[in-house]
Amino acid sequence: MTQGVVCFDSDHRLVFFNRRYVELLELPEELLQRQPSKHEIVAFQRRRGDFDSPGRFFDESGQTVHPDPATDEMPAHYWRSVRSGKTLEVTVSRLSSGLYVRAFSDVTAYFRAQRAAQNNASRLHRILNATDCGTWEVHLMTGRVEINDAWARMLGYSHEELQPMSRDGWRAMVHPDDVKHSQLASLAFMTGTAKQFDSCFRMRHKAGHWVWVQCKGKNFDGVLEDGSIVISGTLFDVSGKVVAQEQAAKLTDQLRGEVLVQRDQLDRAVRDMAQISAGLAHDLRTPLRSINGLASILVEEDTANDPALVHTYAQKIAELSGRMGRMITGMLDLLHVLQQPTSFQPVSVCVLAQKRMEVLRADSSVEFICAETPEVNADPELLGKALEALLRNALIYTHDSPGPRIELGYEPETRVYFIRDNGIGFDMARAEMLFKPFTRLHQKEPVEGLGMGLALASRCLERMGGLLWADSSPDQGATFYFNLRKEDEDQDANSSALRID
């Protein structure tokens, strides 16, 4: 028998007890064999110190109970602890014959489990409060949703404002673009494809903005006492994490783009250096050979009696050396463009072009039309050099045109600028040579040139993240188009260091 049983008569004298009673209360059997009264048994326990610690007798709520002052009797149902540390449940039954029976049950394991559950519940409550974690529980049959204060507070509400909460009410708070994604995650969980519900989506805050949340949940094994089937889970605000990830991805894309730009610029610099080396080997060698030949004639042949010949040769040498000087200057200009650091700031293409044109055209009768252009982030020095080269090119090739006209325009839809002239134009079949250093398309130039202007303009624009291209037909004028780094890219580049915390 698992219960300890003792029976007293109406005079409180011991009538019966079993072995389990002796074991549970740790009483000496010889004491009980004398059939003592209840008061004698209690006195023995008091002398032994069984009742020294407070709270030895308590009810189901844990409150201490005491004997009735009038009858000195304990309640019909209570709990008590004994010296061994065990907890006993005590029930008192009174019989019609005047006898009363006390039954003692060892409920130590139950109380330990109850205390452990209370401790776990307290620990979970502390953790939830410390992490400010939202919790939820969905009743699948009714659609009712139970949420805690942190769940509501995460979205700017009080708990009362969101009552009663349902699955439809929750779904209405999810961003329209995220509903399908969360439904697919829910379907994967409900069909067993996923072991738990795990989805990240946006929910509308009471203030109107969107909050990124991480929602996780699992189904409760079995059913609750009321027969309902539930899924329980947590809700965390991950807006900061999502923003950081988006910023990191944007920064990665930006850095990848900058690396590609730097690689393209390096490739172009290598090609330019190769062409400059070829210029040094070929274009400079030709005038040097001519100078050397003319100088040899002057030294080796008798030219003292022919001053005119000496003057002619000296003039040729001066022209050739001047050309060499201009070629070296052009090479140095190109190298400077390739190597100088860039400094972006808001500038107006139109204003900059007008300033350069005033210096270039001097007494020229060319008509210059400059459209209004928005401010753009660019390097003023590089942009100025590019505009000067393009305008100088237009002036050269409209020199002999009737009613020379140059126009600077802007296409806002594509954010493309253009410089158009009504000059002699060129054949697009040879357009790939336009921007190579020391290259000229026309066999006979209107004025002497080195073929460096367009190459310099192209490199200046590329250094600013832009591109230069052209469209033309012989005797139909030419249009040179160019763009610059997009404004949103400039803003990303300038503010990325500030946005990443």
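Here is a short chat about a sheet and some salt bridges in a predicted model.

Me: Hi! Before I dig in, what should I know about the model and its numbering?
Reply: It is a predicted model, where local features need pLDDT of at least 70, side-chain atom pairs count only at pLDDT 80 or more, and totals for chains, interfaces and linings use all residues. Residues are numbered from 1 along each chain as its sequence is written, and side-chain values use heavy atoms, with hydrogens and water left out.

Me: Great. What is the strand order in the open sheet of 6 strands?
Reply: The order is E2-E1-E6-E5-E4-E3, with antiparallel pairing. Strands here are DSSP runs of E with at least two residues, helices are runs of H or I with at least four, and both are numbered from the N terminus. Two strands pair if DSSP finds at least two bridges between them.

Me: And which strands are at the edges?
Reply: Strand E2 (14-17) and strand E3 (57-58), each of which pairs on one side only.

Me: How many bridges join E3 to E4?
Reply: There are 2 bridges, and E3 runs antiparallel to E4, which covers residues 77-81. Phenylalanine 57 stands opposite arginine 80 in E4.

Me: Switching to charges: how many salt bridges are there?
Reply: The count comes to 19, taking a salt bridge as a side-chain nitrogen of Lys or Arg within 4 Å of a carboxyl oxygen of Asp or Glu.

Me: Where do the partners lysine 206 and glutamate 161 sit in the chain?
Reply: Their side chains meet at 2.8 Å, N to O. The pair links distant parts of the chain, 45 residues apart: lysine 206 is in the loop between strand E10 (197-204) and strand E11 (210-219), and glutamate 161 is in the loop between helix H5 (149-154) and strand E9 (165-166).

Me: What about aspartate 253 and arginine 256, which helix are they in?
Reply: Both lie in helix H8 (residues 239-283), 3 residues apart, about one turn of the helix.

Me: One more pair: is glutamate 407 buried or exposed?
Reply: Glutamate 407 counts as buried because its relative accessibility is 19%, where buried means under 20% relative accessible area, exposed over 50% and partly exposed in between (1.4 Å probe, protein chains only). Arginine 405 is partly exposed at 33%. The two side chains meet in a salt bridge of 3.7 Å, N to O.
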